[in-house]
Amino acid sequence: MQSSGPLSLSRRDALRLIFTASALAASLDITAFGVEGGLGADPDLLKKEIPWPRTFSAAEKKAAAALADLLIPADEHGPAASAVGVVDFLDEWISAPYDTQERDAKVIRAGLAWLDAESTKRFAKPFADAAVAEQTALVDDVLKEGTEARKKAYSFWRLFRDRAAGGYYSTPEGWRALGYTGNAPLSEFPGATPEALKHVGLA
Amino acid sequence: MAHLKTSKSRAAKYDVVVVGSGAAGGMAAYALAKAGVKVLMLEAGRHYDPQRETPMFQSFADAPLRGSAYPQKPNGYFDATIGGWVVEGEPYMVKKGAAWAEGAVENRMKTEQNFMWWRARMLGGRTNHWGRVSLRMGPLDFKPRSTDGLGFDWPVSYEEVAPYYERTEQIVGIFGTKEGIENNPDSDFFLPAPKPRAYELLLQRGGKKLGIPIIPARMAILTKPMPGRAPCFYATPCGRGCSIGAAFQSTTSLIPYALETGNLDVLPDAMARTVTLDAQGRANGVTFIDRTTGKEEHVAARAVVLGASALETARILLNSKSAKHPQGLGNSSGHLGRWMTDSTGTNLGGRIPALENMPLHNEDGVSTMHLYAPMTVERQKAAAKEGSPRGYYVAWSGGRTMPSLGTVPAALAVAGNVYGKKLKDEARRYYGSFVDLHARGEMIPNEKSFCELDPEKKDRWGTPVLRFHFEWSDAELAQITHAQKTFAQLIESAGGIVDKAPAKDPRTAMTAGGSVNHEMGVTRMSSRIEDGVTNAASQLWDCPNVVVADGGVFCSNPFKNPTLTIMALAWRACDKLIAGMKDGTISAPT
């Protein structure tokens, strides 16, 4: 298929992430095994107990919340990222004692530090305290081909966006915002609705 | 619902010791206990109760790391497996490049390991999380060598096994439809199949243009109630296990049914080690490690049924060495451990623009595919001309599945560098428009794929472990190439765009050996003593009061996921064991 050069690899990787937990497993490049302070082989699946401490600093938490909410603001379909615990999820994620998360942590920590430093340089305040217009200008600069900001922070931006969006859209609030209406018991499975069939040209 | 009340107390002696509690062990215990035989079931893992332990409606936010995989839970936090590619203290050896290495947690599409072995250390074994695909093997699948000169014929025919398919299907509960497709036998006991999803209808229409029939899937998921089990309520992923018993697993059906007879004792945390013999060479029991104490114990029995999984059963037999059986029990022919196969696996993703901005509706269904594309004999013959003599089926996932950590990033990869309100709109637009097609295909047994005891490596209790030799042959490689082309044709004929071109080098798009979890053949049955490990009744040629109930007896490994056939053959083997002990053709130990 057509895809825009630099994105094609990550797109393929991302596509591998969809659908199932096993597909997710395949993409996460797992190597370490018996990790100290990890979740173990036989956790209680009805409980969510995170054995490792969260390690975001106050400044990192603030910057992460501001960026997550700029990427995923409130709209008519659902709340902003920080309102559904995305910052706490990111903190849990980057603090986890596994290789995948430790790699992400390096990128995200360095990226958030760069964001605050760049914001301070440009606007004389950390990213979270900048006006939305200023935050937007900075992010747009990161996305613009050929800029210094892109060189420094684009891979961070992609990773942060994917983790924040993943964290957001895997919650019940995120499901509603996305239009997922399942996880509800039905006595019969109705199949594709008449509207759906019409939409795809089968009715 | 029947309860899983088990006790650690056990009698001094049983009629039969059954090793394993999954499809094979569960069915053996059920068939024997129902017939009035006193049975002890040994399970290497812990007790597991799906009614108490299954996370049914939890969202990913209810799990650490949003339910993501980590090394000890390679299929994600909620997967109903205690175990996986690595079980601590129980290594196995694989070839990594030219060297031997311990099997590790790897990406099965990318690993340099020649083999991966999934083990579940829990009551019910792998039935707690399996895919529930339930396909009868066809008449040709029992006679592959007679059909095209490749592989090996079974010493039993489809007609001999068919009555046991019928019985098994009535206990398991399988949905499907009668289609009359040659070598893909129907059942008289199919439950109603759920309606297809929109994307599946598009694939079906595309398949029609290509001459590829796409029919309702055949899954061990209840769409009508059965004794002690509720029908599917079309929510929550089956891989987490099923607390209501709709998705079949031995822990909500066979084991509680067998316990109700009063003839079954279940001993968890009991890792079978060897089969023991009396002075006349008849099996008289099993040694096992009590995992809670680390001590070896012995239980006496008049017969032994091994259903530990094909490879673990082979390991037990290889470790059951004696003066009379220096190469392991059942190995006088030299076939023990040989002819090891797995299913092939490959996949290709794409997206179907017609599915974008779909009117909202619930597509959960039974959480697996509702339709699939079996291979017809005609298409298989055509594929043989391209070097792929054996078939595969095509199945899929896609549409509006429960969004996990990776779902929206995949949509955003298509949308580009969007953020803010635009991100939320694009996520809604693309969500549900993706499909992922996969194939499961037949591997022909070959000389280079086998297991044996490692000369040095031991598990934590000092028992020798397996090491694996494994190679795909040109037939499987050509099959993957064929499947990849078919995926692209199907996606495109459904109006979709493939994620990438079909793989030119099949090795880049193929699962590692063993990693589809369909390991078969290492104790294969044969019509002549010199050709196999068991006879046509699944009894060891060398010791007929030892029965192999699992996939080890398979002579071929066709594209009909093995679990249904394992259960049918296990039931048949137990009936033959009972008959043989009654009429004296199988003698019991003193």
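1. Two strands are said to pair if DSSP finds at least two bridges between them; helices (H or I, at least four residues) and strands (E, at least two) are DSSP runs, numbered from the N terminus. This is a predicted model, in which local features need pLDDT of at least 70 and side-chain atom pairs count only at pLDDT 80 or more, while totals for chains, interfaces and linings use all residues. Residues are numbered from 1 along each chain as its sequence is written, chains are lettered from A and ligands numbered from 1 in the order in which they are written, and side-chain values use heavy atoms, with hydrogens and water left out.

2. Strand E11 (residues 295–306) of chain B has several pairings. Strand E1 (residues 13–19) of chain B runs parallel to E11(B), and six bridges join the two. Within this pairing, Val16(B) has Ala303(B) as its bridge partner. With strand E20 (residues 543–548) of chain B, E11(B) pairs in the parallel sense over three bridges; here Leu306(B) stands opposite Val548(B).

3. Strand E10 (residues 283–290) of chain B is antiparallel to E11(B), again with six bridges. Gly285(B) is placed opposite Ala300(B) of E11(B). The hairpin formed by E10(B) and E11(B) has four residues between the strands, and in it Gly294(B) takes a positive phi near 80°.

4. Chain B also contains an open sheet of four strands in the order E14-E15-E12-E18, with antiparallel pairing. Strand E14 (392–398) and strand E18 (497–498) of chain B are at the edges with a single partner strand each, so one side of each is left without a neighbour in the sheet. Strand E12 (residues 344–351) and strand E15 (residues 434–441) of chain B are joined in the antiparallel sense by eight bridges. Gly345(B) has Arg440(B) in E15(B) as its bridge partner.

5. Chain A has nine helices and zero strands. Of its 203 residues, 51% are buried, where buried means under 20% relative accessible area, exposed over 50%, and partly exposed in between (1.4 Å probe, protein chains only). Among contacts (heavy atoms within 4.5 Å) in chain A between residues at least 6 apart in sequence, 59% join residues at least 24 apart.

6. Helix H4(A) is mostly covered, with eight of its nine residues buried. Among them are Phe89(A), Leu90(A), Trp93(A) and Ile94(A), together with the charged residues Asp91(A) and Glu92(A). The buried residues of H4(A) pack against H3, helix H5 (99–123) and H7 of chain A.

7. The interface between the chains takes 98 residues from chain A and 96 residues from chain B. The buried area is about 8200 Å², of which carbon and sulfur atoms give 63%; this is the accessible area (1.4 Å probe) that two parts lose on being put together, summed over both. Four salt bridges are found across the interface of chain A and chain B, a salt bridge being a side-chain nitrogen of Lys or Arg within 4 Å of a carboxyl oxygen of Asp or Glu.

8. Lys421(B) takes part in several salt bridges. One is with Glu76(A), at 2.9 Å from N to O. Another is with Asp75(A), the closest N and O atoms being 2.9 Å apart. Asp75(A) lies in the loop between H3 and H4 of chain A and Lys421(B) in helix H10 (residues 421–430) of chain B, so this pair joins two chains. Asp75(A) is buried at 16% relative accessible area, whereas Lys421(B) is partly exposed at 33%. Lys421(B) also forms a salt bridge with Asp425(B), with closest N and O atoms 3.2 Å apart; both residues lie in H10 of chain B, four residues apart, about one turn of the helix.

9. Over all chains, the count comes to 51 salt bridges. Within chain A, Lys125(A) and Glu134(A) meet in one at 3.6 Å, N to O; Lys125(A) is partly exposed at 28% relative accessible area, as is Glu134(A) at 22%.

10. Arg315(B) lies in helix H7 (residues 310–319) of chain B and is buried, at 5% relative accessibility. Not counting residues up to four places away in sequence, Arg315(B) touches residues including Met271(B), Leu453(B), Asp459(B) and Thr463(B).
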